[in-house]
Amino acid sequence: MTREEFLERLGDLLACLPAEQIEESKAFYAEAIADRMEDGMSEEEAVAAIGSPGAVAEAILNDLPAVPRVIAKTRRRSNVLLWILAIVGSPLWFVLALAFAAVAFTVYLCIWILALCVWIIAAALGASGIVALALATCGIAIGNVPYVLAMAGAGLGLMGGTLFVGAGAWAVTKQIARLSALWVNKALSPFSKHRGDGETGRPNGRAGRLPVNPSVDGGGDAERTAGGEHFSAAATAALN
Amino acid sequence: MEAQMKRGFLEACVLAAVSGEESYGYRIVKDVPACMGLTESTLYPLLKRLEKAGCIAVRSAEHNGRLRKYYRITDTGRERINEFLAEWPSVQEIYRYVEGARS
């Protein structure tokens, strides 16, 4: 096979990718072949050393995130097949997806309602505290000292409780918001490839995206903290 | 070699290959120890991944009347190498454990 034939075949096999990515891949392999020829190989040998265009294309497509990869591979066989599968399967996948989304939404809502409960308790404590203090001022007006002391004590105690529960509610809310961001990244993970294939939930959109791929490049912090995990390949492989 | 493990090793090898002076695809393939069995089809996605993660910097330069891409390690990449090396004690520990269980 000549260099040109190889590159043309590779381009055909990657036709499901965006044009710039195809060009980039072809340029990389053109360079690899040219470097081998400079190293003394014949064109035939150099092309053979790279491997078959099919294997090369496979390696590039395998590096895509799960969902774009399946779409790309199905589309490579036939675009019509992809649409037929999507439409014929729609009574099944659509209903399932809907049910799943409903359950996920409900669970999520419940979690926020729990947080809301904590806020309500804090608000109730605060309101009772204010009322108690108001009653204490009324007590001053009528000059009943034990009553004023009791009410002022109760009021201050309630205000303290408000601050305590309020701080807790704030912390819970922050935690839930943080987890929400994590969950969103997890949920979108089939669209953006994680390093270590889901071994660590890392929001890291990888090279080679298809247009269908919703970008999740957000969560920078999580990405950085998970960075150390990358090379743990050796250790995790053995531990798992 | 186990796939996950090999992936981590390959990445460290490629980073090491570009950590001195800058290097290019074919040279990286030749430089990396043969036991890793690195080929261009493995190298290409790997380089893109490393570039995306900011571990290597890429530039195109002319060579013999054509463009060639040169890769060089960044500080992030050096950090990666250090992280990789820092795992050696735990790998050794596992090795000793497995070896000890054999006898």
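Patches are built from residues with over 30% relative accessible area and no salt bridge; like charges are joined within 9 Å, nonpolar side chains (Val, Leu, Ile, Met, Phe, Trp, Tyr) within 5 Å. A salt bridge is a side-chain nitrogen of Lys or Arg within 4 Å of a carboxyl oxygen of Asp or Glu. Accessible areas use the Shrake-Rupley method with a 1.4 Å probe; for residues, only the protein chains shown count as cover.

This is a predicted model: local features need pLDDT of at least 70, side-chain atom pairs count only at pLDDT 80 or more, and totals for chains, interfaces and linings use all residues. Residues are numbered from 1 along each chain as its sequence is written, chains are lettered from A and ligands numbered from 1 in the order in which they are written, and side-chain values use heavy atoms, with hydrogens and water left out.

**Exercise 1.** Describe the surface patch that contains A:Val95.

Step 1. A:Trp93, A:Phe94, A:Val95 and A:Leu98 form a nonpolar surface patch. Together they have about 440 Å² of accessible area.

Step 2. Helices (H or I, at least four residues) and strands (E, at least two) are DSSP runs, numbered from the N terminus.

Step 3. A:Val95 has a relative accessible area of 51%, so A:Val95 is exposed. The classes are buried under 20%, exposed over 50%, partly exposed in between (1.4 Å probe, protein chains only).

**Exercise 2.** Classify two aromatic pairs.

Step 1. Rings of Phe, Tyr and Trp (its six-membered ring) pair if their centres lie within 6.5 Å; planes under 30 degrees apart are stacked, over 60 edge-to-face, the rest tilted. The whole structure holds 9 aromatic pairs over all chains.

Step 2. A:Phe28 and A:Tyr29 are edge-to-face, at 5.3 Å centre to centre and 80° between the planes. A:Phe28 is buried at 6%. A:Tyr29 is buried at 0%.

Step 3. B:Phe9 and B:Phe84 have centres 5.8 Å apart and planes at 85°, so this pair is edge-to-face. B:Phe9 lies in helix α1 and B:Phe84 in helix α4 of chain B, so the pair ties together parts 75 residues apart in sequence. B:Phe9 is partly exposed, at 21%.

**Exercise 3.** Which strands of the chain B sheet stand at the edges?

Step 1. Two strands pair if DSSP finds at least two bridges between them. The open sheet has 3 strands, in the order β1-β3-β2, with antiparallel pairing.

Step 2. β1 (23-24) and β2 (56-63) stand at the edges; each has a single partner strand, so one side of each lacks a neighbour in the sheet.

Step 3. 2 bridges join β1(B) to β3 (residues 66-73). B:Ser23 has B:Tyr71 as its bridge partner in β3(B).
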